[in-house]
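Subject: Structure handover

Hello,

Here is the structure for you to look over. My notes follow below.

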Amino acid sequence: MTTNRPDLDTAHWEARFAELVKKHGVPGAQLGILRLGADGADDEVFTTATGVLHAGTGQPATPDSVFQIGSVSKVWTATVVMQLVDEGRFALDTPVVEILPELALRDTEVTKKVTVWHLLTHTSGVDGDVFTDTGRGDDALEKYVAQLGDAAQNHPIGATWSYCNSGFSVLGRIIEVVTGKTWDEAMRERLFAPLGLTHTTTLPEEAMVFAHAMGHLKGGDEPETAPVWGLPRSIAPAGLITSSPADVLAFARMHLTGGLAADGTRVLSEESVAAMADYQTECPEKILLGDSWGLGWFRCDWNGHRAIGHDGNTIGQAAFLRLLPEAGIAVSLNTNLGSAITLYQDLYEEIFSALADVRLPARFELPAEPVEVDATPYLGTYARESVVEEVYLEDGKTWMRTTVSGPVAEASGAAEPEVHELVPVGDALFAVKPDKSEAYYPVRFYALPTGEEYIHFGARATPKRRA
């Protein structure tokens, strides 16, 4: 890093943040920017907030409020898993069943072969959206793992990449068994305390101590609050951490400094920090999140610059965390609106351009000129445990009907199917704009080397039903 760099104009970013949040109709949000100190100087840390925590009460959002960071929690869980690897408690290639002998997946061969690495890289093939509520007790994860044998095997182990919440609940249970503590206790003792975090919690009753955000399914002039506050405790390691931007940046700083807390305490080895950010596996669809995956982090190619990060979506809340290691910069955005991707895009494009002269990739948009693609090979029904995607032709256009079922559908009010046109973008690539979204999402069709056909949408691989 060099001292010849632009100032962090906090007054500008505070005003610009408030302007963009209002523009995108987000009820309330927090922003945090960290830039490591250059040539021995102190770090620069800036946090701000705007809007309200709850549209119904009007309580103002502040930098010290707490928001759900959703699946950004996965990187925190992965960090503690890597601590245990550092300690020699197990290895990345250790079969999970050696740690959890009670594990009994639907596919007995997967039970024998699935490793810690498969879970960290979302390549196990186990259905990732099993949101079974196993209660509020300290045995929630134990019970969750016991019933995971009912979950489908969506793809052969290691054959492709598909986002897997379930795998991180299993990782949470691994932490419990190896440490002899609940996942919540282990996170506090191994991560929150060493990093000096004061506004980070894992349980709702702990979050209630602070001013806390309520999720919203709809923003703008007629906001709609979510029907429930959070997900079940059984999903905690995958997405239940609640935090403030300052605390999220303290976690990010540790990963930018080779595993050290601000006071010099070693939290994670340099080797494990590097392994988490290094390439581990390819993503079939490289637009929505990243082009590849590390251990916990996804990896982004920003016009030749390597960034790492993670997004988080719970019921009506969305969080975004990006680190640009080469510049020593981390940016955290917490929002209380389920769809805030365009706010993230506008904001992060401006911040990283101004502070690091790095441009984010061009946004995924509809082509300027219509593209002709023969959709016939992709027609049919694609299904996994809680989602059915039906792709069909009607009136000369390609359509996708999405039907969601199970606990998440009930909690988010998504019981009715969504029907949207699939707009051709390129060979085997289409664009779709889901309900309540301001942005287009990629839909990729592809086949495994062994011939099985899949649709990749929303970071999930869903297999095609055979006729």
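In what order do the eight strands of the open sheet run, and is the pairing parallel or antiparallel? The order is 2-1-12-11-10-9-8-7, and the pairing is antiparallel. Strand 2 (44-51) and strand 7 (281-282) are the edge strands, each pairing on one side only. Strands here are DSSP runs of E with at least two residues, helices are runs of H or I with at least four, and both are numbered from the N terminus. Two strands pair if DSSP finds at least two bridges between them.

A word on the source. This is a predicted model, where local features need pLDDT of at least 70, side-chain atom pairs count only at pLDDT 80 or more, and totals for chains, interfaces and linings use all residues. Residues are numbered from 1 along each chain as its sequence is written, and side-chain values use heavy atoms, with hydrogens and water left out.

Back to the sheet. Five bridges link strand 9 (residues 298-302) and strand 10 (residues 305-313) in the antiparallel sense. C300 has A307 of strand 10 as its bridge partner. Helix 1 (residues 10-23) packs on the sheet and touches strand 1 (28-35), strand 2 and strand 12 (329-335). The direction of helix 1 makes about 30° with that of strand 2. Helix 13 (residues 341-356) also packs on the sheet, touching strands 1, 9, 11 (318-324) and 12. Its direction makes about 160° with that of strand 12. Contact means heavy atoms within 4.5 Å. Axes are lines fitted to C-alpha atoms, for helices over the stretch in contact, and angles run from 0 to 180 degrees between N-to-C directions.

There is also a hairpin. Strands 13 and 14 form it, with two residues between them. Strand 13 (residues 380-384) and strand 14 (residues 387-394) are antiparallel, joined by five bridges. R384 stands opposite V387.

The largest nonpolar core has 74 residues. A core is a set of buried Ala, Val, Leu, Ile, Met, Phe, Trp, Tyr and Cys residues joined through side-chain atoms within 4.5 Å; buried means under 20% relative accessible area (1.4 Å probe, protein chains only). W76, F90, L120, I174 and L191 have the most contacts inside this core. Helix 2 (residues 73-86) gives the most to it, with eight residues. Beyond four places in sequence, L191 touches residues including W76, V80, F251 and V267. Another core, of 55 residues, lies apart from the largest one, and L31, F46, W161 and L288 are among its members.

Overall, the protein chain has 14 helices and 20 strands. Of its 467 residues, 58% count as buried.

Best wishes

Technical notes
Buried means under 20% relative accessible area, exposed over 50%, partly exposed in between (1.4 Å probe, protein chains only).
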